[in-house]
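Here are my notes on the model, point by point. Please read them with the structure open.

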Amino acid sequence: QVQLQESGPGLVKPSQTLSLTCTVSGGSITSNVYYWTWIRQPPGKGLEWMGAIAGSGKAYYSPPLRSRTSISRDTSKNQFTLQLSSVTPEDTAVYYCTVSLTYLRGDFGSWGQGTQVTVSS
């Protein structure tokens, strides 16, 4: 059973870069089948797919966030990381890491518990 756990600061100042790490256990982030994914949920809104990184290392991004988002990985630690630059209060959300089992943007398997990130000065 794949398990995921998010970590990172809960408070980020406007204009700074948000950085979160997802630690994966029970599965390898280099698996060619899976897409390791970041999703967020702003308060009072639905889930927003942000992007993913495949087992090959290729990253995919949501077009509205592409210019501010970077997803990378550390295979030695079995972790993948989200960086979101130039944040504003609109980036306040619960951030989740999850895994797409067969195709991008869907067929989600295990989820992390989520981490609240607040953008405020």
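1. Start with Ser110. Leaving aside neighbours within four places in sequence, Ser110 is in contact with Gln1, Val2, Leu4, Cys97, Thr98 and Val99. Keep in mind that this is a predicted model. Ser110 belongs to strand 10, residues 108-111.

2. Two of these contacts can be described further. The side chain of Ser110 makes a polar contact with the side chain of Gln1, at 3.2 Å. The side chain of Ser110 also reaches the backbone oxygen of Val2, at 2.7 Å. Is Ser110 buried or exposed? Ser110 counts as buried, because its relative accessibility is 15% and the cut-off for buried is under 20%.

3. Now take another serine, Ser56. Ser56 sits in the loop between strand 5 (48-54) and strand 6 (59-61). Its relative accessibility is 56%, so Ser56 counts as exposed. Not counting residues up to four places away in sequence, Ser56 touches Asn32 and Arg73. A polar atom of the Ser56 side chain lies 3.3 Å from the backbone nitrogen of Lys58.

4. Lys58 lies over the face of Tyr60, at 5.3 Å from the ring centre.

5. Next, the aromatic residues. How many aromatic pairs does the structure hold? There are 6. In one of them, the rings of Tyr34 and Trp36 have their centres 5.6 Å apart and their planes at 85°, so the pair is edge-to-face. Tyr34 and Trp36 belong to one aromatic cluster with Trp38 and Phe80. Trp36 is buried, with a relative accessible area of 0%. Tyr34 counts as partly exposed, at 23% relative accessibility.

6. Strand 11, residues 115-119, has two faces. Thr115, Val117 and Val119 form the covered face. Gln116 and Thr118 form the uncovered one.

7. Last, the partners of strand 11. Strand 2 (residues 11-12) and strand 11 run parallel and are joined by 2 bridges. Val12 has Val119 as its bridge partner in strand 11, and Val119 is on the covered face. Strand 9 (residues 93-100) and strand 11 run antiparallel, with 3 bridges joining them. Here Val94 has Gln116 as its bridge partner in strand 11, and Gln116 is on the uncovered face.

Methods. Residues are numbered from 1 along each chain as its sequence is written. This is a predicted model: local features need pLDDT of at least 70, side-chain atom pairs count only at pLDDT 80 or more; totals for chains, interfaces and linings use all residues. Side-chain values use heavy atoms; hydrogens and water are left out. Helices (H or I, at least four residues) and strands (E, at least two) are DSSP runs, numbered from the N terminus. Buried means under 20% relative accessible area, exposed over 50%, partly exposed in between (1.4 Å probe, protein chains only). Contact means heavy atoms within 4.5 Å. A polar contact is a pair of N or O atoms within 3.5 Å; within protein, one must be able to donate a hydrogen and the other to accept it, and residues adjacent in sequence count only if both atoms are side-chain atoms. Two strands pair if DSSP finds at least two bridges between them. Rings of Phe, Tyr and Trp (its six-membered ring) pair if their centres lie within 6.5 Å; planes under 30 degrees apart count as stacked, over 60 as edge-to-face and the rest as tilted. A charge sits over a ring if NZ of Lys or CZ of Arg is within 6 Å of the ring centre and within 35 degrees of the ring normal.
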